[in-house]
Amino acid sequence: MRKNFGTKSWFYPLPVLIVGTYGEDGQADAMNAAWGGLYDADKVVLCLSAGHKTTANIKKRGAFTVSFADKANLVASDYVGIVSANTEPKKMEKSGFHTTKSQFVDAPLIDELPVALECRFLKMTEDGNIIGQIVNVSADESVLDAEGSLDFAKFRPISFEPAHNAYHVLGEKVGSAFHDGAALK
């Protein structure tokens, strides 16, 4: 038997996205955004409210990065989601994150987060969602396998679990996509 919960923002898994931008003063900023994902094969969508400094930065600078929070950086990743750069000018310093300018867009890469999408701002939709074009995906060598591909077990990304406001680590392989279902053909 099922239990009904009504309308909830429960979507599983929700990646923990850390959005990096530069402000008008050139200072790096980052925020934790659980509501976002792929918009198309080469685009991302972020559901950010207009009051976020990150939203203003994206519109002014025309670029942003999306890094995936991982287990090793859970505390700093949570911190940049609960503190606003509108009220805490030393947010990045206090988080412990360090940044390097992207080679592809006018936005910072967060050194501690090993996988990032580097995006050019395309548009804001009528309901306020930000759409960005992925111009590069970069990954630190520490999360690559011997063949140079992303190794999910080394990466250890986290997911947000909205029913209990919890983070969970992802990583266990349980099957092979586009293969295992062929057994039912």
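Predicted model: local features only at pLDDT ≥ 70, side-chain atom pairs only at ≥ 80, totals over all residues.
Visitor: What makes strand 5 (residues 43–46) and strand 10 a pair?

Guide: Four bridges join strand 5 to strand 10, and the two run antiparallel. Two strands pair if DSSP finds at least two bridges between them. Four bridges meet that rule, so strand 5 and strand 10 count as paired.

Visitor: Which strand pairs with strand 10 over nine bridges?

Guide: That is strand 9, in the antiparallel sense. Strands here are DSSP runs of E, at least two residues, and helices are runs of H or I, at least four residues, numbered from the N terminus. Strand 9 and strand 10 form a hairpin with five residues between the strands. There, Gly-128 takes a positive phi near 95 degrees.

Visitor: Where is Asn-129?

Guide: Asn-129 is in the loop between strand 9 (115–124) and strand 10 (130–139).

Visitor: Why is Asn-129 called buried?

Guide: Asn-129 has 18% relative accessibility. Buried means under 20% relative accessible area, exposed over 50%, and partly exposed in between (1.4 Å probe, protein chains only). So Asn-129, at 18%, counts as buried.

Visitor: What does Asn-129 touch, leaving aside its neighbours within four places in sequence?

Guide: Asn-129 is in contact with Val-45, Leu-46, Cys-47, Lys-123 and Met-124. Contact means heavy atoms within 4.5 Å.

Visitor: How do you know that the side chains of Asn-129 and Asp-127 make a polar contact?

Guide: The distance is 3.5 Å. A polar contact is a pair of N or O atoms within 3.5 Å; within protein, one must be able to donate a hydrogen and the other to accept it, and residues adjacent in sequence count only if both atoms are side-chain atoms. The Asn-129 and Asp-127 pair therefore counts.

Visitor: What is Ser-138 called: buried, partly exposed or exposed?

Guide: Ser-138 is in strand 10. Its relative accessibility is 23%, so it counts as partly exposed. Its side chain makes a polar contact of 3.1 Å with the side chain of Glu-118. Not counting residues up to four places away in sequence, Ser-138 touches Leu-109, Pro-114, Val-115, Ala-116 and Glu-118.

Visitor: Which residues lie nearest the centre of the second largest pocket?

Guide: Ser-138 is one of them, with Leu-109, Glu-118, Ala-139 and Asp-140. This pocket has a volume of about 280 Å³ and 16 lining residues. Strand 10 gives the most to that lining, with three residues.

Visitor: What makes a space a pocket, and what gives its volume?

Guide: On a 1 Å grid over the protein atoms alone, a pocket is an open set of points where a 1.4 Å probe fits, with protein on both sides within 12 Å along at least five of seven lines. Lining residues have an atom within 4 Å of a point. Grid points are joined across faces, edges and corners, and a volume is the space filled by probe spheres set on the points.

Visitor: What is the volume of the largest pocket, and how many residues line it?

Guide: The largest pocket holds about 400 Å³ of space, and 26 residues line it. Strand 3 gives the largest share of the lining, five residues.

Visitor: In which order do the strands of the open sheet stand?

Guide: Three strands form it in the order 1-11-12, with antiparallel pairing. Strand 1 (14–15) and strand 12 (166–169) stand at the edges, each with a single partner strand, so one side of each has no neighbour in the sheet. Strand 1 and strand 11 are joined by two bridges, and strand 11 and strand 12 by four.

Visitor: What makes both faces of strand 11 covered?

Guide: Ile-158 and Phe-160 on one side, and Ser-159 and Glu-161 on the other, are all buried.

How values were computed:
Residues numbered from 1 in each chain as written. Heavy atoms only, no water.
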